[in-house]
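Notebook open, structure on screen. I want to go through the domains, the contacts between them, the ligand surroundings and the salt bridges.

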Amino acid sequence: MDYVTIALAKGRLADITVELFEKIGISFTDYFSNSRKLIFANEEEGMRLVLVKARDVPIYVEQGAADIGIVGKDTLLDTKANVYEMMDLKFGKCRFAVAALEEYTGNIDRKTRVATKYVNVAKNFFQKKGEPIEIIKLSGSVELAPIMGLSDVIVDIVETGTTLKENGLVILENICEVSARLIANKASFKTKADQVEKIIKALECTVQERKYSP
Ligand code: PRP
């Protein structure tokens, strides 16, 4: 069967998305949070869900291994994948910010050391400001970097602000708001136009009517 394959980021975003699909009549009955299974099918609708790391969602979609994907704008901004960004799903809301230890007062004698998972976002932001920086690329627990003297500041996403607070960091500057986006493979958008559009329309109605409140 020629499935429409949907790539989702494992975790909270996937849980919300599966719920959202259920609301538009597409169920993946064997899906449950924290399952180790990575692929789920709805044979009746001809749809498959695949669970991947957030950063790999745009890669699956760009390469055509998945037809559509749902991923945070933060990941899209940083990975710059060649995909269609179809829709703001209005959930998974958070923001990019520059943060530092409360006592940080800046430095003038050298480049600011910026620890981040989002290298491109951080580079673009500081480049626009004309501020020279040195990037320290990390994979997670970025808030630890200033505490350990590994960096001066961090660029990271902030949702509730709890991680910053619990580690004694404060926001210096907000960069931009982000939320979950629906993306589509450029070829699938044509070859599977009917199925892809059907999903987009159903999601659009749900998001617009605010039937769904995350
Ligand atoms: C993200 C982000 C922050 C935290 C922000 O990390 O990188 O650390 O969530 O959320 P909060 O403002 O609600 O505290 P994630 O949970 O993805 O883990 P990681 O540090 O391993 O990347």
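This is a predicted model: local features need pLDDT of at least 70, side-chain atom pairs count only at pLDDT 80 or more; totals for chains, interfaces and linings use all residues.

How much area do domain 1 and domain 2 bury between them? I get about 770 Å², with 44% of it on carbon and sulfur atoms. Three residues stand out here: D74, L77 and D78 supply 54% of what domain 1 buries against domain 2, more than any other three residues.

Entry, domain layout. I looked up the bounds and found domain 1 at 4–92 + 179–212, with domain 2 at 94–177. So much for the ranges; I then checked the C-alpha centres of the two domains, and they lie 30 Å apart.

Entry, who touches whom. I find eight residues of domain 1 in contact with ten residues of domain 2. For polar contacts between the domains, my tally is seven residue pairs.

Entry, salt bridge at the interface. How many salt bridges does the rule find across the interface of domain 1 and domain 2? I get one. I also looked at R12 and E159, which form a salt bridge with their closest N and O atoms 3.5 Å apart.

Entry, ligand. E159 turns up again among the residues around the ligand. I noted the others as K117, G140, S141, E143, D156, I157, V158, T160, G161, T162 and T163. Then I went through some distances to ligand oxygen atoms. K117 has a polar side-chain atom 2.3 Å from one. For T160, an N or O atom of the side chain is 2.5 Å from a ligand oxygen. E159 uses its backbone instead: a polar backbone atom there is 2.8 Å from an oxygen of the ligand.

Entry, salt bridges overall. I count 13 in the structure. One that I followed up joins the side chains of E45 and K198, at 3.4 Å from N to O. Where do the two partners sit? E45 is in the loop between β2 (39–42) and β3 (47–52), while K198 is in helix α8 (residues 193–208). The pair links distant parts of the chain, 153 residues apart.

How values were computed: Residues are numbered from 1 along each chain as its sequence is written. Side-chain values use heavy atoms; hydrogens and water are left out. Domain bounds come from an automatic or database domain assignment. Contact means heavy atoms within 4.5 Å. Buried area is the accessible area (1.4 Å probe) that two parts lose on being put together, summed over both. A salt bridge is a side-chain nitrogen of Lys or Arg within 4 Å of a carboxyl oxygen of Asp or Glu. A polar contact is a pair of N or O atoms within 3.5 Å; within protein, one must be able to donate a hydrogen and the other to accept it, and residues adjacent in sequence count only if both atoms are side-chain atoms. A residue is near a molecule or strand if one of its heavy atoms lies within 4 Å of it. Helices (H or I, at least four residues) and strands (E, at least two) are DSSP runs, numbered from the N terminus.
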